[in-house]
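Me: I would like to learn how to read a structure like this one, feature by feature. Please give the general idea each time, then the case at hand.

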Amino acid sequence: MLNSDQIAFLKEQFDISEKDIKNISLQKEIRLKCFEIEGAEAMKIADENTCILSDLGEIAASIVDTAYKQILV
């Protein structure tokens, strides 16, 4: 299940409602967009010896890592 920070992130980044988040047909698109954000934020890491994502990258990654079944709960 997504936590309140993840839901707020999705609402802010993609202007979608909680109902949209639970729509299985949109979940692939949501995950892809989050994956793109995670990747973009990872590319901004200046020191290749340190892999510390920004808060934006971390929250996007946490959504990508959430199992589909858990999003629907």
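Me: Is Arg 31 buried or exposed, and which side chain of opposite charge is nearest?

Reply: Start with the terms. Buried means under 20% relative accessible area, exposed means over 50%, and partly exposed is in between, with a 1.4 Å probe and protein chains only. Lys and Arg count as positive and Asp and Glu as negative, while His and the chain ends are not counted. A salt bridge is a side-chain nitrogen of Lys or Arg within 4 Å of a carboxyl oxygen of Asp or Glu. In this case Arg 31 is buried and has no salt bridge. The nearest side chain of opposite charge is Asp 65, 6.8 Å away.

Me: What should I know about the model before going on?

Reply: It is a predicted model, in which local features need pLDDT of at least 70 and side-chain atom pairs count only at pLDDT 80 or more, while totals for chains, interfaces and linings use all residues. Residues are numbered from 1 along each chain as its sequence is written, and side-chain values use heavy atoms, with hydrogens and water left out.

Me: Which backbone oxygen lies 2.6 Å from a polar atom of the side chain of Arg 31?

Reply: A polar contact is a pair of N or O atoms within 3.5 Å; within protein, one must be able to donate a hydrogen and the other to accept it, and residues adjacent in sequence count only if both atoms are side-chain atoms. For Arg 31, the backbone oxygen is that of Val 64. Arg 31 itself lies in helix α3.

Me: Where are Lys 28 and Leu 32 relative to Val 64?

Reply: Here C-alpha distances are set beside separations along the chain. Leu 32 and Val 64 are 32 residues apart in sequence, with their C-alpha atoms 8.0 Å apart. Lys 28 and Val 64 are 36 residues apart, and their C-alpha atoms are separated by 9.7 Å. Lys 28 is exposed, at 64% relative accessible area, and Leu 32 is partly exposed, at 48%.

Me: How many helices and strands does the chain have?

Reply: Helices (H or I, at least four residues) and strands (E, at least two) are DSSP runs, numbered from the N terminus. The chain has 5 helices and 0 strands. Buried residues make up 30% of its 73 residues.

Me: Which residues touch the most other members of the largest nonpolar core?

Reply: A nonpolar core is a set of buried Ala, Val, Leu, Ile, Met, Phe, Trp, Tyr and Cys residues joined through side-chain atoms within 4.5 Å. The largest one has 13 residues, and Phe 9, Leu 10, Phe 14 and Cys 34 touch the most other members. The elements that give two or more residues to this core are α1 (4–14), α3 (24–43) and α4 (55–64). Among these, α1 gives the most, with 4 residues.

Me: What stands out in the backbone at Asp 15?

Reply: Asp 15 has a positive phi of about 50° although it is not a glycine. Asp 15 sits in the loop between α1 and α2 (18–22) and is exposed, with a relative accessible area of 70%.

Me: How many salt bridges does the structure hold, and which residues form them?

Reply: An α-helix has 3.6 residues a turn, so residues three or four places apart point the same way. The structure holds 3 salt bridges. Lys 33 pairs with Glu 29, with the closest N and O atoms 3.2 Å apart; being 4 residues apart in helix α3, these two are separated by about one helical turn. Glu 18 and Lys 11 meet at 3.5 Å, N to O. Glu 41 pairs with Lys 44, the closest N and O atoms being 3.0 Å apart. In that last pair Glu 41 is buried, at 10% relative accessibility, whereas Lys 44 is exposed, at 60%.
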